[in-house]
Amino acid sequence: MRILIVDYHALTLHIVESLLAKDGYTLVSGTSDIAAAPKLFAEIQPDIVVMDLTQPRLDGFEVFEQLKKVAGGRHFAAIFLSAAEDRAVRAKAYERGASEFLLKPIDETEIRLRVRNQARMLASERALLEHNERLAQTVAERTGRLHQAIDVLKRAEAQMSENLKRSEAEGRDRMAFLATINHELRTPINAILGFAELLKNEKLGPVGERYKEPVGFIHDGATHLLRLVNDLLNLASSESGDFQLSLAPVDVGATVRNTVTLLAEDARRAGVDLQVDIAPDVPIIESDETRLKQIVLNLASNAIKFTPSGGRVTVKVKPDPASGVMILAISDTGVGISTEQMLEVLKPFGRVRQIKAPAAVAKQQGAGLGLPITKRLTELLGGTLEIQSREGVGTMMTVRLPLRSPAPKA
């Protein structure tokens, strides 16, 4: 804290300087030449000015105005001294900006206290000013960051809106594409398959021996192609959100048993022992019977396909009330899946390389859509699909569906 003392009386100047010097201020400087006060003020930039208004040659108030001009708006405290007990002078001093007004002769204790009080007030004011400046800077910085965040959000909103429009357009294109596939591919394939069945079953008359095998190839190829097209449509519909479920009361045990029966002939031809184990306490749940059949068909036919002759496929169904799920487990003693390729089989067109599989099994490689579709169907029904497998030992596919009871009829 720097202090400037201006008093034409040299003794008073010396006394005040000595008193204030004891209080540890940064600088205490004085002059008895009032005309030199502005220059000295500019040099030391005081925080407090102690000035005698009663000057022999110049008016103390005029000098004070000069000091304020030199300060250039910088705040400083002014303590005026006067030997005249004049209320008008006191009032004028406060009007001009005095912080304190003291009468001479000076009371040593009083002037030290007054200067100390002004020093404390100035320190508090400056601390508050610095705090406000820091606060203003913080507010400005945070406001800037807020504006940046708002800009980011606006850009994200615009991007989301654009993505939504693009997604809607892609959805319309997808539906148009699916409709085209449905009409342009399934219709002629069904026609080819129908004619192939007529020829295969000789409904149009005898077929020569040399043509029976080619007709069988045509029938098998058309059947495979139709299954592939149907899988593509199912996968595209499930991923686009256009897949519709028909929830109704479903007897899971009967549904699974009837579905597995459809695969009995395939298992017999493959030399695979197909077993069904339905728990007696399997309840009726709310689900989609058609999709449940599709899940069972996909998993069981896969198990039969990749199980060599002499192997076994087991389909088990049992409730797990403690977990609130219905468990459908399909296990086989087939070629299995390596750990490295476990995730690959759940990707569309993700086919597993069976290096050690028998030639008869290797020929059964499909398009790689069955498991992705099954997983998606299971998820749409609110369930999960888990794969456990050891290469060369076998695989277990476990579907867990929620044990939802059908809504009571009104």
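Student: Leaving aside its neighbours within four places in sequence, which residues is Leu-274 in contact with?

Tutor: Bear in mind that this is a predicted model. Once neighbours within four places in sequence are set aside, Leu-274 is in contact with Val-260, Leu-263, Ala-264, Ala-267, Ile-304, Val-313 and Val-315. Now for the setting. Leu-274 is listed with Val-252, Val-256, Leu-299, Val-317, Leu-328 and Ile-330 as having the most contacts inside the largest nonpolar core, a set of 37 residues. At least two residues of this core come from each of H7, E7, helix H9 (289-305), E9, E10, H11, E11 and E12, and H9 gives the most, with 7 residues. There's also a second, separate core of 21 residues, with Ile-34, Val-49, Phe-61 and Ala-93 among them.

Back to the strands: five of them make an open sheet with mixed pairing, ordered E7-E9-E10-E12-E11. Strand E7 (273-278) and strand E11 (384-390) sit at the edges with a single partner strand each, so one side of each has no neighbour in the sheet. From one strand to the next, the twist averages 10°. Further in, strands E10 (residues 325-332) and E12 (residues 394-402) run antiparallel and are joined by 8 bridges; Ile-330 stands opposite Met-397 in E12. As for helices, H7 (residues 252-261) packs on the sheet, touching E7, strand E9 (312-320) and E10, with its direction at about 170° to that of E7. Helix H11 (residues 370-380) packs on the sheet too, touching E11 and E12, and its direction makes about 140° with that of E11.

Methods. Residues are numbered from 1 along each chain as its sequence is written. This is a predicted model: local features need pLDDT of at least 70, side-chain atom pairs count only at pLDDT 80 or more; totals for chains, interfaces and linings use all residues. Side-chain values use heavy atoms; hydrogens and water are left out. Two strands pair if DSSP finds at least two bridges between them. Helices (H or I, at least four residues) and strands (E, at least two) are DSSP runs, numbered from the N terminus. Axes are lines fitted to C-alpha atoms, for helices over the stretch in contact, and angles run from 0 to 180 degrees between N-to-C directions. Contact means heavy atoms within 4.5 Å. A nonpolar core is a set of buried Ala, Val, Leu, Ile, Met, Phe, Trp, Tyr and Cys residues joined through side-chain atoms within 4.5 Å. Buried means under 20% relative accessible area, exposed over 50%, partly exposed in between (1.4 Å probe, protein chains only).
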